[in-house]
Amino acid sequence: METEIKLSPVGAATASQVFGDELLAPCLGEARRFDMESVYYHDEGGLLEQLRATLRLRTENGDGVCCLKITSGHAGAAAVREEYEVPAETIEDGAAVLSENPELSDELRAALGGPFAPVCACSFTRTEADYTSDTLSFVLSYDVGEYRKGELTAPLGEMELELRDGDVDALNALADAIVKKYGLTVSTRGKYRTAMALGEETC
């Protein structure tokens, strides 16, 4: 299960201030950096979309990961999703492995049989660090790059607070303090929805 809060848009200078903020810095570990490329896919019958599921293939510093996310709801500002990941070089290989997971519904497993078509993408550099206190653990990350849908592009700049352990209310409270201090906005949609909205509205 994935529980995370997204803040967007966020510029690089503001992100740097947040990482160094006194609310976070004493509990933040060493920063890590990843170059990422995500491509999102629809199945031929559109069943994944109907089931509120998102299928993507992402390369992380050159290593392929296939991921299936299923929207479950919200806990305050935090989005809650079921998340399943497997190493894969192609979307077909990854979906085939995911389709064998007995935790998935029969409908989802059928949808993972393909065929698939790419619908949008994003490429970005991620900087992340682990926040660990006595009561709360999460990953703080900043992504900067671009969204793509066909020939359309838009800048990408967002922060995420992804819960690892502890109370989601504490995560919400900390995120709320950051939002108010830096004038940021909680995003109600992920990268897939933002990329798919290109050409329909200003992102």
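Leu161 is in contact (heavy atoms within 4.5 Å) with Thr3, Glu4, Ile5, Leu7, Phe138, Val139, Leu140, Leu171, Ala175 and Ile178, leaving aside its neighbours within four places in sequence. The model is predicted, so local features need pLDDT of at least 70 and side-chain atom pairs count only at pLDDT 80 or more, while totals for chains, interfaces and linings use all residues. Residues are numbered from 1 along each chain as its sequence is written, and side-chain values use heavy atoms, with hydrogens and water left out.

**Nonpolar cores**

- A nonpolar core is a set of buried Ala, Val, Leu, Ile, Met, Phe, Trp, Tyr and Cys residues joined through side-chain atoms within 4.5 Å; buried means under 20% relative accessible area, exposed over 50%, and partly exposed in between (1.4 Å probe, protein chains only).
- The largest nonpolar core has 25 residues, and those with the most contacts inside it are Leu7, Leu24, Phe138, Leu140, Met159 and Leu161.
- At least two residues of this core come from each of β1 (2-7), α1 (12-19), β6 (116-132), β7 (136-149), β8 (152-166) and α5 (168-182); helices (H or I, at least four residues) and strands (E, at least two) are DSSP runs, numbered from the N terminus.
- Helix α5 gives the largest share of this core, 6 residues.
- A second, separate core has 19 residues, including Leu57, Tyr84, Val86 and Ala88.

**Strand pairing**

- Two strands pair if DSSP finds at least two bridges between them.
- Strand β2 (residues 32-43) runs antiparallel to β6, and 12 bridges join them.
- Within this pairing, Tyr41 has Pro118 of β6 as its bridge partner.
- Strands β2 and β3 (residues 53-60) are also antiparallel, joined by 6 bridges, and Ser38 stands opposite Arg58 in β3.

**Arg56**

- Arg56 lies in strand β3 and counts as buried, at 7% relative accessibility.
- Leaving aside neighbours within four places in sequence, Arg56 is in contact with Ser38, Val39, Tyr40, Val65, Cys66, Cys67, Lys69, Glu85 and Ile91.

**Cysteines**

- A disulfide is a covalent bond between the sulfur atoms of two cysteines.
- Counting a disulfide as a pair of cysteine sulfur atoms within 2.5 Å, a search of the whole structure finds 0.
- The sulfur of Cys66 is too far for a bond because the closest cysteine sulfur, in Cys67, is 7.4 Å away.
- Cys66 is buried, with a relative accessible area of 0%.
- Cys120 is in no disulfide, and the nearest cysteine sulfur, that of Cys122, is 7.4 Å away.
- Cys120 also counts as buried, at 5% relative accessibility.
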